[in-house]
Amino acid sequence: MPFVEYLSSLPEPFKQLCSSWPKDIRWKNERAKPDQAYVPTAVEHIANVITHGMWIGPSIYAGMVLLRRSATWQQYWAAVVYGMALVLCFAVSTVFHSVFFAGHNRQLKELLHRGDRAMIYVFIAASYFPWLMLRPLPADHWGSELWWLVWVLALLGILYQQVFHERYKSLETFFYLFLGSDFSGLPELKFGGLLYVLGVFFFKSDGAIPFAHAIWHLFVASAAGVHYFAILHHLYAAAPGDIKTNY
Ligand SMILES: [Zn+2]
């Protein structure tokens, strides 16, 4: 295929990038209208794909480490639920941003966008799961109701988001913040929650700050990392096989 023909067969965002490279790169677009979604520039699209795509592999490995260290069925199930949510959170986001960038299939993009937003709620609820499964609070404590409460909240968040897609965005932010702030005293969880809350600032800054969405992705990934190591350290002691190698 001649080069010119090949270029014209590329998706629109690629063509824009190729024709403007290396000068005149658009670092950000106009802010979206209140009831519309922000449209990233080509370089922003690429950053969005990379900043979540790079964590799919490490997430699979991280989930497998938890599985390997599981000594009880509670640990096993917590590892399965949390590990799957971790991998899916990054995978769904990466597929969504790739399809969005390619710009060919609007319907698939819409579907994946909803899936991407829904995954964040599932991911936050799943992050509570190992703690509630492996560190049950006393039965008379209100926190003992949390194990079902977080899933109900996540479900409400998803339902709300499916119905009011791209409307009432501040309410959506409230859901994220509420579910993202932690209820326990562990410093790691506080720090993870703080990263998450800081990230929401960038989540809201599309079009005001270049790469705002990619920065939000990095905050999500760092919060997930901090949380993962807290789970690994506090809830999953090293497997017997690992200890044996120490002497
Ligand atoms: Zn994203």
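Student: Which residues does the UniProt annotation "transmembrane region" cover?

Tutor: This is a predicted model, in which local features need pLDDT of at least 70, side-chain atom pairs count only at pLDDT 80 or more, and totals for chains, interfaces and linings use all residues. Residues are numbered from 1 along each chain as its sequence is written. According to the unreviewed UniProt entry, the annotation covers residues 76-97, 118-134, 146-163, 175-203 and 215-237; UniProt positions follow the numbering used here, feature names are shortened, and annotations may be inferred rather than shown by experiment. The protein as a whole has 11 helices and 0 strands, where helices (H or I, at least four residues) and strands (E, at least two) are DSSP runs numbered from the N terminus.

Consider the span 146-163: it is 100% helix and 0% strand, with its end C-alpha atoms 25 Å apart. Helix H7 (residues 146-163) packs with helix H6 (residues 106-134), their axes coming within 9 Å and crossing at roughly 175°; axes are lines fitted to C-alpha atoms, for helices over the stretch in contact, and angles run from 0 to 180 degrees between N-to-C directions. H6 is therefore roughly antiparallel to H7 (angles over 145 degrees count as such).

Over residues 215-237, the chain is 91% helix and 0% strand, and the end C-alpha atoms lie 33 Å apart.

Terms used:
Parallel < 35°, antiparallel > 145°, perpendicular 65-115°, else oblique.
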